[in-house]
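Student: Hi! Could you walk me through this one while I have it open on my screen?
Tutor: Happy to. Let's bring it up and start with the charged side chains.

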Amino acid sequence: MDRRTRGQRLDADRLGARLGERATLVQFSSAFCQPCRATRRTLSDVAGMVHGVAHIEIDAEARLALVRELGITRTPTVLVLDAEGEVVRRASGQPRTADVVAALGQAI
């Protein structure tokens, strides 16, 4: 868990999309990142299975100011937000479905 991000709040205006009613999975990706595609599928699947969870994918290259502010150093990076938009978990690399579900347990 990265302490630089934990406890920060992100809202729909900063992310460019609506937050989930219960939690939000925020994915930072880049165009030629192979693990980003697999991460997109995993997070979309989990968001589809768990009521009130949204998945937002952000192009890291297009949102450099936000990437720098949050200390994103590689893609994919996933932030798990609670219902109020507070970052409760952060991970880099391609996540497993079980790990995403467990992280959501901390947010919901």
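Student: Great. Is E86 buried, partly exposed or exposed?
Tutor: E86 is partly exposed, because its relative accessible area of 24% falls between the 20% limit for buried and the 50% limit for exposed. Keep in mind that this is a predicted model.

Student: Okay, and which residue does E86 form a salt bridge with?
Tutor: The partner of E86 is R9, and their closest N and O atoms are 3.7 Å apart. R9 counts as partly exposed too, at 45% relative accessibility.

Student: Where do E86 and R9 sit in the chain?
Tutor: E86 is in the loop between β3 and β4, while R9 is in the segment before α1 (12–15).

Student: How many salt bridges does the structure hold?
Tutor: There are four salt bridges in the structure. One of them pairs R14 with E69, with the closest N and O atoms 2.1 Å apart. That pair also links distant parts of the chain: R14 belongs to helix α1 and E69 to helix α3 (residues 64–70), 55 residues apart.

Student: How accessible is R14? And E69?
Tutor: R14 has a relative accessible area of 27%, which makes it partly exposed. E69 is partly exposed as well, at 44% relative accessibility.

Student: What about E57, which residue does it form a salt bridge with?
Tutor: E57 bridges to R40, and the closest N and O atoms are 2.6 Å apart. E57 lies in strand β2 and R40 in helix α2, so the pair ties together parts that are 17 residues apart in sequence. Both residues are partly exposed, E57 at 32% and R40 at 34%.

Student: Switching topic: which residues of helix α4 are buried?
Tutor: In α4, which covers residues 97–107, the buried ones are V100, A103, L104 and A107. Looking down the axis of α4, they fall within an arc of 105°, so they line one face of the helix.

Student: And what's on the other side of α4?
Tutor: A102 and G105 are there, and they are exposed.

Student: Nice. So what covers the buried residues of α4?
Tutor: The cover includes helix α2 (34–49) and the strands β1 (23–29), β2 (53–59), β3 (77–82) and β4 (87–92).

Note on methods:
Residues numbered from 1 in each chain as written. Predicted model: local features only at pLDDT ≥ 70, side-chain atom pairs only at ≥ 80, totals over all residues. Heavy atoms only, no water. Buried < 20%, exposed > 50% of the residue type's maximum accessible area, 1.4 Å probe, protein only. Helix = DSSP H or I, 4+ residues; strand = E, 2+ residues; numbered from the N terminus. Arc of directions from axis to C-beta. Contact = heavy atoms within 4.5 Å. Salt bridge = Lys/Arg side-chain N within 4 Å of Asp/Glu carboxyl O.
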